[in-house]
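Here is the note you asked for on this model. Please read it with the structure open.

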Amino acid sequence: MNTVDILLPAMGEGIIDATITRWLVNVGDMVEEDQSIAEIATDKVDSEIPSPTAGKVKELLFKEGDTPKVGQTIALIEVEGDEQGAQNSTSDKEENKKQENIEFVRPSESSKFKEKPSHEKLPPVSPLVKTIVKQEGLSQKEFSQVEGTGLNGRITRDDILAYIQKRSKFVDKPQETSNESTPSKGDRVEVVHMDRMRKLIAEHMVHSKQTSAHVTSFIEADVTNLMNWRNREKAKFQEREGEKLTLTPLFVEAAIKAIKEYPLINSSVDGDKILIKKDVNIGLAAALPNGNLIVPVIKDADKLSLSGLSAKVNDLAKRSRENKLQPNEIQGGTFTITNLGMFDTLTGTPIINQPQVAILAIGTISKRVVVLESENGDSIGIRQMAMLSLSYDHRVVDGALGGMFLKAVRDNLQDY
């Protein structure tokens, strides 16, 4: 009998660990190839881990609630014959591809950064544990007293909750600085506790505002010709391609053309280096039925035709609503688009999706009376107008570049 390691797979850029929310098998169970053995949760999406081979569950190396890192062995499967090939990791190949598709610009004199002393930061823990620490107001000194029962002494959710329960008997929690956040006895207030995804979204948004110097520019686009073209073509398009032609792929196509003209918009920041991404992976912010937000990503969007973009947009939108997205489908985005118009919102100032440097918002399309300029003079006409807004990181994107990119998107939409 040989043993196959089940590894926590790589799940996209920025994901270094995941919480095991539920084991679907027990030690001694027989499993089939591709059978799901565990449910996991990252800060973006829930997913399942399949077994790469058929065999018998020999050992589960983590408990429910533990947070292993990507690449760590989480379970052992006993198999007959030589199945060691199933253990080969693709992490090196993925890392090489990632490096091939990044262009480094503006390097500093020195690329070495000193780590902060260990006493100034928490040891590696899961996002859930960090959230609990913040909510309970634990100091670094207190946190160092928590005994970890996870792998290599890692502090798990159960460890921190057990410490807090014991701590509450002896230590008063800090008083709120304002009584406004705590309803008094006579207040007519419904208290709604954030679910896990809403907490993580909140942390992501605050982190983005604390990281990037946000600036937002606006421009108005006359999309009358685009709307007329789409209305003429949508029936033939669906018959020919088998896909509905919505406005979203048209906006994505316009943004991709502008990115090719101004590639610095398609970048991220690493210390004092700017990483210009050669891949164009477009994230589409989508509201879920439960009110939360998710951003599925169209990988290599610049290589797709309008038909291909439509198929991707329709598929991702459908599976977003059904909560059937995989972790790799919401990772690796290089530029994000959010459609505010579906709620009749005129415009907005969206928050940048880290580690990207810009996000484009599309406002509602409405008919307005506007001045039309021509060689024969000015006239008044009824046109379909939309407000576009671009939030960008002023550490990388100056107002001139932001304005030129936004104008390019506008011109691409008007050239129908």
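The points below cover the basis of the note, then salt bridges, aromatic pairs, a helix and a set of strands.

1. Basis. This is a predicted model, in which local features need pLDDT of at least 70 and side-chain atom pairs count only at pLDDT 80 or more, while totals for chains, interfaces and linings use all residues. Residues are numbered from 1 along each chain as its sequence is written, and side-chain values use heavy atoms, with hydrogens and water left out.

2. Salt bridges in general. The whole structure contains 13 salt bridges (a side-chain nitrogen of Lys or Arg within 4 Å of a carboxyl oxygen of Asp or Glu). One of them joins Lys 273 to Asp 270, at 4.0 Å from N to O. Lys 273 is buried at 14% relative accessibility, whereas Asp 270 is partly exposed at 37% (buried is under 20% relative accessible area, exposed over 50%, partly exposed in between, with a 1.4 Å probe and protein chains only).

3. Arg 319 and Asp 315 form a salt bridge at 2.8 Å, N to O. Both residues lie in helix H8 (residues 306–321), four residues apart, about one turn of the helix. Helices (H or I, at least four residues) and strands (E, at least two) are DSSP runs, numbered from the N terminus. Arg 319 is buried, with a relative accessible area of 17%, and Asp 315 is partly exposed at 31%. Lys 318 bridges to Glu 322, with the closest N and O atoms 3.0 Å apart. Salt bridges with shared partners also join Asp 315, Arg 319 and Glu 329 into one network.

4. Aromatic pairs. How many aromatic pairs does a search of the whole structure find? The search finds two. Rings of Phe, Tyr and Trp (its six-membered ring) pair if their centres lie within 6.5 Å; planes under 30 degrees apart count as stacked, over 60 as edge-to-face and the rest as tilted. Trp 229 and Tyr 416 make a tilted pair, 5.3 Å centre to centre with 55° between the planes. This pair links distant parts of the chain, with Trp 229 in helix H6 (residues 224–241) and Tyr 416 in the segment after helix H9 (399–414), 187 residues apart.

5. The second pair. Phe 335 and Phe 405 have ring centres 5.6 Å apart and planes at 65°, so this pair is edge-to-face. Phe 335 belongs to strand S15 (residues 335–339) and Phe 405 to helix H9, 70 residues apart. Both Phe 335 and Phe 405 are buried.

6. Helix H7. The 14 residues of helix H7 (residues 248–261) reach 20 Å from first C-alpha to last, close to the 20 Å expected at 1.5 Å a residue (the expected span is 1.5 Å times one less than the number of residues). Its buried residues include Leu 250, Phe 251, Val 252, Ile 256 and Ile 259. Among the elements covering the buried residues of H7 are H6, H8, S15 and H9.

7. Strands. S15 and S16 pair in the parallel sense over four bridges (strands pair if DSSP finds at least two bridges between them). Asn 339 has Ile 362 in S16 as its bridge partner, and Ile 362 stands opposite Leu 388 in S17. S16 and strand S17 (residues 379–393) run antiparallel, joined by 13 bridges. Their hairpin has six residues between the strands, and Gly 377 there takes a positive phi near 115°.

Note on methods
Contact means heavy atoms within 4.5 Å.
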